[in-house]
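Biologist: Let's go through the labels on this model. I will ask what each one rests on.

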Amino acid sequence: HFSVPPPYFLRYAFTIPVGLSFGLVFVMAHVLVKRQRAQREMLAVSDSRYQELFADSPVSQWELDFSLLRMHLNSLRFANKTDLTQYLDGQDQSPDNLLSLIKVVAVNRQTLDQYGAKSLDDLDHSLLSVFDPRDPALIDLAVSVYLSTSHIVWTSLWRQVENQKMIRGTRETTTRKLDGSQVGSIVSWSVAGNSTAYNRVQMSLLDISDRKKAEEELLTAKEQAVEGTRAKSQFLARMSHELRTPLNAIIGYSEMLMEDFTDAGDDEKAMDLRRIDIAGKHLLDLINNVLDIAKIEAGEMEIDPVEFQLSELVDEVATTIEPLLIRNGNVLDLVLPTDPGAMLTDRLKVKQALFNLLSNASKFTEGGTIRLEVDQNQDGLVELRVSDEGIGMNPEQKKRIFAPFMQADSSTTRKYGGTG
């Protein structure tokens, strides 16, 4: 007789013959045994596969036992210690002692090779053999262990995530080999969350020394490049000064002679001297622009806007470009309004841009027409367009048009010269 109702399957069993009920219980027990055996076999296969992957991994793998650390941290929780950082800073308990509670139970071959050890004994079964005791990565690891079972959070560092299956962490840090040399590393770990039975941490240490070395080499190369740029700028400044002095003399004498021939009524020689004067001033502008290279590289190039008559600028450029036109038998066709008006911008830079475009057009055109069109759109902006009948460029060459010191091909350099 039962004082309380029996379980359902027993109540059901008592409604059938006794022999059959015992047979049913035996079958159920047999099924449970077979299921447990299958589970054990699956676990054995899974564990064998894990051990295989662990041993052959190309990344340093560590298996840690934190049962002692967990007991210690739980004792802190019962003592109402809820701030790990404050605890470490205010107590005699040092990270050295705290983290020594984590025991290394297994490492793979890559770990031994990476840190210059022959066996786990060389590492003293301790993380402190390769980590600095104050390494923030180890403090984070200790907090992960605490969170794996605790419902109270180290308030200054973490936020408890309810029902979290795995607590993971990753940090970039520096570890050391047994010979004292440093290894740039990325440390990653995972702890089973909400579990009081599992006391193991899976940790990996990825060696990023090559990446760190490459970063340092890039930084050194950058510093050398900056120093080289500074030296180049100083050289250009000195050379520009040396070139500017005799050029100013040429411009000055040409202006004096031009005034003398104008007063004497020799307009032909005065015009030739005017060309010398304009070309000399243009060359002086180019030398001044050399000094701007340093400003461009330093990102300090400034625009100096002034108001000027566009017709005067076009006349100056046309006069300067005339010798290049004559050399290749070209004609300059100027298409502009009767009164193009004034323009407000950096006069020197506009003049230089126009001269560069027209000189290139003249150099690559023979016996053709080069057109300079000046127009003003509805927004009041001036449009300057240069077109020519030269050799042109194919689509592949256009892709390289703005590459420094690049021309269409080597034959162009040999025939037309220039630096690109």
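**Labels and their grounds**

Modeller: Take Met393 to begin: its relative accessibility is 40%, so Met393 counts as partly exposed. Keep in mind that this is a predicted model.

Biologist: Why is Met393 called partly exposed?

Modeller: Buried means under 20% and exposed over 50%. Met393 has 40%, so it falls in between. The residue lies in the loop between β10 (382–387) and α12 (395–398).

Biologist: What makes Met393, Ile401 and Phe402 a patch?

Modeller: Patch residues need over 30% relative accessible area and no salt bridge, and nonpolar side chains are joined within 5 Å. Met393, at 40%, is over that area cut-off. Together the three form a nonpolar surface patch with about 360 Å² of accessible area.

Biologist: How do you know that Lys212 and Glu172 form a salt bridge?

Modeller: The cut-off is 4 Å from nitrogen to carboxyl oxygen. Their N to O value is 2.6 Å, so the pair qualifies. Lys212 lies in helix α8 (residues 209–263) and Glu172 in strand β3 (residues 166–176), so the bridge ties together parts 40 residues apart in sequence.

Biologist: Why does Arg275 with Glu322 count as a salt bridge?

Modeller: The closest N and O atoms are 3.7 Å apart, which is within 4 Å, so the pair counts. Arg275 sits in helix α9 and Glu322 in helix α10, 47 residues apart.

Conventions: Residues are numbered from 1 along each chain as its sequence is written. This is a predicted model: local features need pLDDT of at least 70, side-chain atom pairs count only at pLDDT 80 or more; totals for chains, interfaces and linings use all residues. Side-chain values use heavy atoms; hydrogens and water are left out. Patches are made of residues with over 30% relative accessible area and no salt bridge: like charges are joined within 9 Å, nonpolar side chains (Val, Leu, Ile, Met, Phe, Trp, Tyr) within 5 Å. Accessible areas come from the Shrake-Rupley method with a 1.4 Å probe; for residues, only the protein chains shown count as cover. A salt bridge is a side-chain nitrogen of Lys or Arg within 4 Å of a carboxyl oxygen of Asp or Glu. Helices (H or I, at least four residues) and strands (E, at least two) are DSSP runs, numbered from the N terminus. Buried means under 20% relative accessible area, exposed over 50%, partly exposed in between (1.4 Å probe, protein chains only).
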